[in-house]
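Please keep the sequence and the model in view while reading.

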Amino acid sequence: MIMIIFFLLLVVPPAASGDTRSCAPEKCGSFDSIPYPFRIDNGSDCGGLLSDAFRLSCVNSTSLFVNIGSYGYEIIHFFPASGGLLVAFANNTTRYSSSCRGYHDIRSFRFQANDYLGISKDNLVGLYGCGDSSLCRSDCGGCPDANTSTTTTFTDSGCCYSLSEDRDGVWQVGDSFSVFEEFGCKGFSSWVDSGSGSGSGSRSGDIRYGVKLEWAVPSDVIKDACDSNARIVNASSVTFGMRCECVDGFVGDGFAKGTGCLKYCVRDGSEVYGNACYVKRHGRGKRMLLAGILALALSIATLIAFFCLLKRQSKNLDQNSVPLQKECRTRLFTHTELEQATNGFSNDQKLVDIGDGGTIYTGTLTDGLKVAIHKVHCKNEINLIQVLSRAKILSEVSHTNMARILGCSVDSGYTPLVVYEHPGNGTLEQHLCQTGIDGKMGLDWHNRLKITAQLSSVLAYLQTDIFPPVFHHGLQSGCVLLDHDMSVKLVGFRLTDHGSDTCGSNSNVPFSFNDVCALGVVLLEILAGKKSAELATVALRKIRNGNVEEVVDPMLYYHEQPPYRKEQMGIVADVATRCLLFGGDDGRLGMNDVARELIPLTKETGDHVGSRRGPAGLEETFSNSSLLQMISLSPDSIYAP
């Protein structure tokens, strides 16, 4: 049987996902292709149409227009990576001019946001004739003079306003430019840096004039629109809007009816896609025969070594079983009893894999008691004694947010089993990464906030109120059990000596490891409602750019939340950021500091939140960090050795 499976592995290549779509590229004028979900109104049903809002018109085969309400706007550029399109100003609307740019009548751009399109926060808006100078930004109001290599002053160039700042609430997501009329502004101009989020490889500083609109899909439409290798992300400038985005290792637009998500990799120094990423195995007779002989010889040698090892371990355990059992001061379970409780430690019963720290399984004892069983693999008897000693210390700690240790088993060689109580409502990871438990809805914001407070509280207690301090050294969302009141019961402490690790459970995250740093990863998972290898890197970049809403779990409906809850989400994002940047071995941020910030959030209401930390808090966090330059890099460069 083993030989048959081995031959099948040699012969059959793995299936590749992300097949290319069959629709021919649509063209219009200078556009060689139209990105999904936009389609030209030519009567073709290829690819489908999510909404009439994405229906385009190609006029005279030269100009591409999108119709919004009763107005048509000419499209001059697409920004596939950021879900944007640049539209031109209306013709013959230039009314004012300064030394370096013209301004259009502010009433000429009557765009009104809808469920699918909104004015992007990436726009820089030039305003002319404003009676209130508080709108103006002296740092972006000038423009270069090609003749003198100097920059004109604000007085010469007009007033510059960055929509991404949302300063004093003058312009908010969903607004049009008409809000500036209240300040006496008569003219406007608009431009974007096409090197930012264009996905076209444009260099930063390549300015494009026009108005950038962001597109998105309502939550009730997005559900079945994404490719199997894509996730849902929030839009920045469309209220309640969302888009599909390919997960790490895949490229494409993320939509099942678009280009989908195609496997991406680098082979022999070149970028390749799809099936080319998978190794092709050719079933040639001689190679298969040689491989079969080697596999058989290796199997026989392994079996001989295994039986010799079992015989040696059995002899050692007969001599040492009594002292080891004395080390376990709680209830002694038999290995058979716990094996039966977990269906033979089957994968279906696995709760979380802690790497070299062991594996935790869920099980039910013969008396009906639900338990969590930590299976630890020891290298020698010293490790085995360490496990029992540390389990004894943990069993003597009493905290409402720690799962109680019920006992252990030491009759299975160098694989001790530590048994925790199990509250029976799944793990935090299960609630975040699945659609709830037993068909129920996922975690709401109130419960997520309570979990952050309880988790930081119990970790701070273990590190400051216990002597010697107790550290988890393996914290991840799968180690957080939840009871039916959504209260935390912590398990999964590392019970053997450990080496230097990277932050969290993923070695791709380039931060020094300790409990504070690991908590930062868990906080981001709570905020984003997902767990992935690239989450920390991607989330920190978006938080740094002021786009917290793009990190927040779409199921939390960020744009529908009242201001005080949005502020709470911002504070959690800020704390998570500082945990990752300053929570390393240098101890610049302690667990007590984290708990002091998170615990009060559970007691605050809309009347009491006020403005404890505005956007400047995140800016200060990043500006004080020596890792700022690293976070600004692309994910590929961050993961490079």
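Two strands pair if DSSP finds at least two bridges between them; strands (E, at least two residues) and helices (H or I, at least four) are DSSP runs, numbered from the N terminus. The model is predicted, so local features need pLDDT of at least 70 and side-chain atom pairs count only at pLDDT 80 or more, while totals for chains, interfaces and linings use all residues. Residues are numbered from 1 along each chain as its sequence is written, and side-chain values use heavy atoms, with hydrogens and water left out.

Strands β26 (residues 405-409) and β27 (residues 417-421) run antiparallel and are joined by four bridges. Within this pair, Gly-407 has Val-419 of β27 as its bridge partner. Both strands belong to an open sheet of six with mixed pairing, in the order β22-β26-β27-β25-β24-β23. Because β22 (331-332) and β23 (350-353) each have a single partner strand, one side of each of these edge strands is left without a neighbour in the sheet.

In soluble globular proteins, nonpolar side chains tend to be buried together. A nonpolar core is here a set of buried Ala, Val, Leu, Ile, Met, Phe, Trp, Tyr and Cys residues joined through side-chain atoms within 4.5 Å, where buried means under 20% relative accessible area (1.4 Å probe, protein chains only). The largest such core has 79 residues, of which Tyr-420, Leu-455 and Phe-493 touch the most other members. Helix α9 (residues 515-528) contributes the largest share, 11 residues. Apart from this core lies another, of 52 residues, including Cys-28 and Val-217. Of the chain's 641 residues, 48% count as buried.

Terms used
Buried means under 20% relative accessible area, exposed over 50%, partly exposed in between (1.4 Å probe, protein chains only).
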